[in-house]
Amino acid sequence: MKLSLMIPTFNSAETIERTLKSATAQTYRPLEIVVYDEASKDDTRAIVERVLAAAPADIETRLLTSDENSGPVKAWRVALHDITGDWCAFVWSDDVLHPEYSAEMMAGAE
């Protein structure tokens, strides 16, 4: 069963690198990480692109973008409609996940 981590962002340059590094350090596979950035004016998108480019090859990653900030409800909905996993988790752009978070979550799902 594939797990999808959904991460919406907006002007998250101060926290997004730590969040993404914790997401890409997850031990569970198959795993996909979908980041949806809404109109960030800081370095958020550049940071996301750099960290996702360095992600392990066996993790699917995507950055979706919008030039409008519609708020968190639409951001979650956009990411939710894009993911391909059997299960999903909502991750805020300032969350830090324990490396076994995804494995524990999927063990519970089984």
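How many helices and strands does the secondary structure of the chain come to? I counted four helices and four strands. Helices (H or I, at least four residues) and strands (E, at least two) are DSSP runs, numbered from the N terminus.

Before going on, I noted the ground rules. This is a predicted model, where local features need pLDDT of at least 70 and side-chain atom pairs count only at pLDDT 80 or more, while totals for chains, interfaces and linings use all residues. Residues are numbered from 1 along each chain as its sequence is written, and side-chain values use heavy atoms, with hydrogens and water left out.

**Overall form**

I read the pattern along the sequence as β-α-β-α-β-α-β-α. The chain has a radius of gyration of 13 Å, close to the 13 Å from the globule rule for 110 residues, so it is as compact as a globular protein of that length. That radius is taken over C-alpha atoms, and the rule is 2.2 Å times the number of residues to the power 0.38. I found the C-alpha trace spanning about 40 × 25 × 20 Å along its principal axes.

**The sheet**

I looked up the strand order next. The open sheet of four strands runs E3-E2-E1-E4, with parallel pairing. Two strands pair if DSSP finds at least two bridges between them. Strand E3 (59–66) and strand E4 (87–90) are at the edges with a single partner strand each, so one side of each has no neighbour in the sheet. E1 and E2 pair in the parallel sense over seven bridges. I found proline 8 opposite tyrosine 36 in E2.

**The cores**

Which residues touch the most other members of the largest nonpolar core? They are Leu5, Ile7, Leu20, Ile33 and Val35, out of 19 residues. Such a core is a set of buried Ala, Val, Leu, Ile, Met, Phe, Trp, Tyr and Cys residues joined through side-chain atoms within 4.5 Å. Buried means under 20% relative accessible area (1.4 Å probe, protein chains only). Strand E1 (3–9), helix H1 (16–24), strand E2 (31–38) and helix H2 (44–53) each supply at least two residues of this core. H2 gives the most, with four residues.

I then checked isoleucine 33. A second, separate core of eight residues includes Val34, Tyr36, Trp76 and Ala79.

Technical notes. Buried < 20%, exposed > 50% of the residue type's maximum accessible area, 1.4 Å probe, protein only.
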